[in-house]
Amino acid sequence: MAALAFAPGFYPSWYFVLVAIGYGLLLPVLAVLQVRHATVRQSGAILGTAAGMATITVGIAASSNPDLIVPALFVRGVWWWTIGKLWAETGVMPRLLGVATMVLAVIAIGAALASAPMTMDAASLWASERVILGLWSLALAYALWRAR
């Protein structure tokens, strides 16, 4: 969320440092989630980790290349759907967070699919989605902290 305060045109070096840090901090979260998910569903753990890694990689790339925003939204939607469904069905994380994550997945995939036909501004979608990702990350951090 802090990267949005440093727009790429005004503070390009700080912007990309903050983007890299933000997405990089998701890596330990993926590791923790991989272990939790593997205890209840192997297929969900593998897809969740793979889609999470793709989310990080394409998310960083989309922050510097607007042509990758739509694929980044789609991949994030796949990641959120996978882990949200896993949480809602198994309770490995709070079920309410799982349902909320699935809703966010539908929004992300819908934004990705509707952006071109509806001539939506991809940069505006991307800014909104990164704020949502930041808030979701805080909710996930809280849930992980409570589940220690």
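**Aromatic rings in a helical chain**

Trp79, Trp80, Trp87 and Trp136 are linked into a cluster by ring pairs. Rings of Phe, Tyr and Trp (its six-membered ring) pair if their centres lie within 6.5 Å; planes under 30 degrees apart count as stacked, over 60 as edge-to-face and the rest as tilted. The model is predicted: local features need pLDDT of at least 70, side-chain atom pairs count only at pLDDT 80 or more, and totals for chains, interfaces and linings use all residues. Residues are numbered from 1 along each chain as its sequence is written, and side-chain values use heavy atoms, with hydrogens and water left out.

The chain has six helices and zero strands, where helices (H or I, at least four residues) and strands (E, at least two) are DSSP runs, numbered from the N terminus. Of its 148 residues, 36% count as buried; buried means under 20% relative accessible area, exposed over 50%, and partly exposed in between (1.4 Å probe, protein chains only).

By the ring rule there are four aromatic pairs. Trp87 and Trp136 form a stacked pair, because their ring centres are 6.3 Å apart and their planes are at 5 degrees. Trp87 lies in helix α4 (residues 69–90) and Trp136 in helix α6 (residues 122–146), so this pair ties together parts that are 49 residues apart in sequence. Trp87 is buried, at a relative accessible area of 0%, and Trp136 is buried too, at 4%.

Tyr142 and Trp145 make a tilted pair, with 6.0 Å centre to centre and 40 degrees between the planes. These two residues are three apart in helix α6, and therefore about one helical turn separates them. Tyr142 is partly exposed, with a relative accessible area of 49%.

Thr55 is placed in helix α3 (residues 42–62) and is buried, at 3% relative accessibility. A polar atom of the Thr55 side chain lies 2.8 Å from the backbone oxygen of Ala51.

For the chain, 68% of the contacts with a separation of 6 or more are between residues 24 or more positions apart.

Note on methods
Polar contact = N/O pair within 3.5 Å; in protein donor to acceptor, adjacent residues only side chain to side chain. Contact = heavy atoms within 4.5 Å.
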